[in-house]
Amino acid sequence: MSSLTRMLLMSILVTLGAVGTCAIASAQTTDNRTVNGVQQAPHRHTPTCRQWVPPQTKTIQRRVWVPGGAERIWVPAVYQTRYNTNGNPTQVLVKRGYHKKVPGRGRYVVRSERLEVPGRWQYMCGH
Ligand SMILES: [Zn+2]
């Protein structure tokens, strides 16, 4: 499993954990809901409230930046026009041409990743 997949999985687990905590917290509070002005009895979770969501394997598409490798480019020589005593122009080499290493252009590629989502209990009653 790649570190990226592990990170994603962790964030999903954290999210699931937060949902689970929320459901438990709401189970402990007595909510006095009113429907059409009539007070409803506080909801108490029963075993039928929960449903087992089986583990899933998801395939997700992710755009990943791939940096370019180093490239060698030719930097051309620099010449300057000088005039000799007769007034005729001549090209004088100021700086020789040379090869220079520059970072290549990166690009985005779309990669498929398999994501294992563990099974979990989920409250379906809305409380
Ligand atoms: Zn319930």
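Residues are numbered from 1 along each chain as its sequence is written. In this predicted model, local features need pLDDT of at least 70 and side-chain atom pairs count only at pLDDT 80 or more, whereas totals for chains, interfaces and linings use all residues. The mean pLDDT (the predictor's confidence in each residue, from 0 to 100) is 81 for the protein chain, with 73% of its residues at 70 or more. Over residues 16–30, pLDDT stays under 50. Where pLDDT is low, the predicted coordinates should not be read in detail.

From the N terminus, the order is α-β-β-β-β-β-β-β-β-β-β. Of its 127 residues, 0% count as buried (20 or more other C-beta atoms within 10 Å of a residue's own; exposed means 12 or fewer, partly exposed in between, with C-beta atoms placed from the backbone).

Strand E8 (residues 98–103) likewise has 0 buried residues among its 6. It pairs (at least two DSSP bridges) with strand E5 (residues 70–75) in the antiparallel sense over 6 bridges, and Val75 stands opposite Tyr98 in E8.

Gly68 is exposed, because 11 other C-beta atoms lie within 10 Å. The C-alpha atoms of Gly68 and Arg105 are separated by 4.7 Å, although the two are 37 residues apart along the chain.

Technical notes. Two residues are in contact if their C-beta atoms, placed from the backbone, lie within 7 Å. Helices (H or I, at least four residues) and strands (E, at least two) are DSSP runs, numbered from the N terminus.
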